Amino acid sequence: MSDTTNYERLLKKYGSPLYIYKEDVLNKCCQQILDFKNNLEKSLNIQVNMHYSTKANSNPAILKIVKEYGLCVDCMSPLELVIDQKCGFTKNQILYVCNNIDEEEMKIVYNTGVLICLDSISQIETWGRLFPGTNIMARINPGIEGVGHSEDVITSGKETKFGITEANFGTMFDTINKYNLNLIGIHQHLGSCFLNDKIDDYINGVEHGLNLITQYSQFDNIQILDLGGGFGVSYQGEEKLDFEILEQRLSKVLKRFIQTHIALSELKFEPGRYIPCESGILVGKVTATKNENNIFWIGTDIGMNQLVRPSMYDSYHKIEILNNSKQEVVANICGNICEGGDILGKNRKVKLPLVGDIILVYNAGAYGYSMASNYTGRLRPAEVMISNNQEKLIRKREKIEDLVKNIIW
Ligand code: LLP
């Protein structure tokens, strides 16, 4: 069966658009992360745990594969926490990395026994008042500009909402002491999606954080150092992230830190995107075409509610139209939402489409479904996993009945 027929069959069965994940690709990415962990453990002689960031894609079918590889998870909401637990992750395998949460949410986390990472003095104050004498991690902002594919995903530096900067360390230590909290770990996350060309910036950010931590004796006894996520995916055919180089560069900067911080027993990382991104394709249909003011427009059923990254961050996703046409067009490809910004890709060279053709959007496995919404009353699509050429429905397409049930008429 050709790819086109297969996609047509799947769309007919599960509705269009449809998120499809390929298990072999997911396995490959999990294995790379596992190899990275094992190699770093060997070269640094310390335990390394990789906490997959649930927010990248929280489908249980994906989380269960992550678990099979012995990876851990991080989560940032009660629902993600429940999903992680239901997928079999134990409390020690889950880390709650949050910001600006209320007392109710803190109580939920406390009751599960999962370790929490708090990202402001105000949050430490609230936690300490509720649960004095407990273990916490704190998220610092190393002050140096982070790395990321868009300003919106840079999470360190002068203009980010995240973390505690050096200027406030004194007050942080006072708050920790006031409630007799035990600061067992430090966290920093520089940003999201760095590739080989930004490894220097990433390492520089790590070094900066380590130097900062080293200057304060109050951090001398930390047991956990969490360096966050950010491992990039090559959306536009850029050179792929070389984990061997990353591992060597990290080992070099971490060696001395580990020697001087004798209580340190664990390194953590939080890769999100890297694990499911390449495995996912968003498949939809061409629903209209037009030529206006010398711009060729391709209308599709993939609106910004199904994949918001291009409209939100101007992100690039490779797009392909499946047909036998020999003719190509340069087109703006857009969705079915009533917003001018509902664009999937601008000035893309694709095959001249006909209404009804299949359209594929690549690298949609991370921050695709997890950021999908019901904006303008659109239903979120189904998700399907392909393993050994067999498909399995892993989330049903929403129905209007699902969405009207909470409306009070
Ligand atoms: N840890 C923390 C504390 C984070 O804030 C994030 C991502 C991660 C780990 C995972 O980062 P990753 O390895 O996936 O880069 N929606 C955006 C990405 C936002 C990421 C936010 N935080 C996108 O679609 O590109």
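Asn332 is in contact with Ile295, Phe296, Trp297, Ile298, Gly345, Lys346 and Asn347, once its neighbours within four places in sequence are left aside. The model in which these contacts are found is a predicted one. Asn332 itself belongs to strand E13, which covers residues 328-334. Its relative accessible area is 8%, and buried means under 20%, so Asn332 counts as buried.

Ile94 sits in strand E4, made of residues 94-97. With a relative accessible area of 3%, Ile94 is buried. What does Ile94 touch, not counting residues up to four places away in sequence? The list is His51, Val73, Cys75, Leu81, Asp84, Gln85, Phe89, Val114 and Leu115. Ile94 and Asp74 are 20 residues apart along the chain, and their C-alpha atoms are separated by 5.5 Å.

Asn182 gives another case. This residue is found in strand E7, which spans residues 182-187. Asn182 has a relative accessible area of 37%. Buried means under 20% and exposed means over 50%, so Asn182 is classed as partly exposed. Leaving out residues up to four places away in sequence, Asn182 touches Thr134, Asn135 and Ile136. The C-alpha atoms of Asn182 and Thr90 are separated by 22 Å, and the two residues are 92 apart along the chain.

Next comes a whole helix. Which residues of helix H6 are buried? In this helix, residues 121-130, the buried ones are Ile121, Gln123, Ile124, Thr126, Trp127 and Gly128. The cover over these buried residues of H6 includes helix H5 (103-112) and helix H7 (169-178). Strand E5 (115-118) and strand E6 (135-139) are also among the elements that cover them.

The next topic is charged side chains. The count of salt bridges in the model comes to 12. One of them joins the side chains of Arg9 and Glu391, with an N to O distance of 2.9 Å. Arg9 is partly exposed, at a relative accessible area of 32%.

Glu391 also forms a salt bridge with Lys13, where the closest N and O atoms are 3.0 Å apart. Lys13 lies in helix H1 and Glu391 in strand E17, so this pair ties together parts that are 378 residues apart in sequence. Lys13 counts as exposed, with 51% relative accessibility.

Arg395 and Glu383 provide a further salt bridge, in which the side chains meet at 2.6 Å, N to O. Arg395 is in strand E17 and Glu383 is in strand E16 (residues 382-387), with the two residues 12 apart. Are these two partners buried or exposed? Arg395 is partly exposed, with a relative accessible area of 27%, whereas Glu383 is buried at 0% relative accessibility. Salt bridges with shared partners also join Arg9, Lys13 and Glu391 into one network.

The model also holds a ligand. Which of the 21 residues around the ligand come nearest? They are His149, Ser192, Glu270, Arg309 and Tyr367. A polar side-chain atom of Glu270 is 2.5 Å from a nitrogen atom of the ligand. A polar side-chain atom of Tyr313 is 2.8 Å from a ligand nitrogen atom. Gly230 takes part through its backbone: one of its N or O atoms lies 2.8 Å from an oxygen atom of the ligand. Taken alone, the ligand exposes 580 Å², and the protein buries 94% of that.

The last stop is on the surface. Ile400, Val404, Ile407 and Trp409 form a nonpolar patch there, and together they have about 470 Å² of accessible area. Trp409 is placed in the segment after helix H11 (400-404). Its relative accessible area is 82%. Exposed means over 50%, so Trp409 is classed as exposed.

Conventions:
Residues numbered from 1 in each chain as written. Predicted model: local features only at pLDDT ≥ 70, side-chain atom pairs only at ≥ 80, totals over all residues. Heavy atoms only, no water. Patch = residues over 30% accessible without salt bridge, like charges linked within 9 Å, V, L, I, M, F, W, Y side chains within 5 Å. Areas by Shrake-Rupley, 256 points an atom, 1.4 Å probe, with all protein chains shown as cover. Salt bridge = Lys/Arg side-chain N within 4 Å of Asp/Glu carboxyl O. Helix = DSSP H or I, 4+ residues; strand = E, 2+ residues; numbered from the N terminus. Buried < 20%, exposed > 50% of the residue type's maximum accessible area, 1.4 Å probe, protein only. Near = heavy atom within 4 Å. Polar contact = N/O pair within 3.5 Å; in protein donor to acceptor, adjacent residues only side chain to side chain. Contact = heavy atoms within 4.5 Å.
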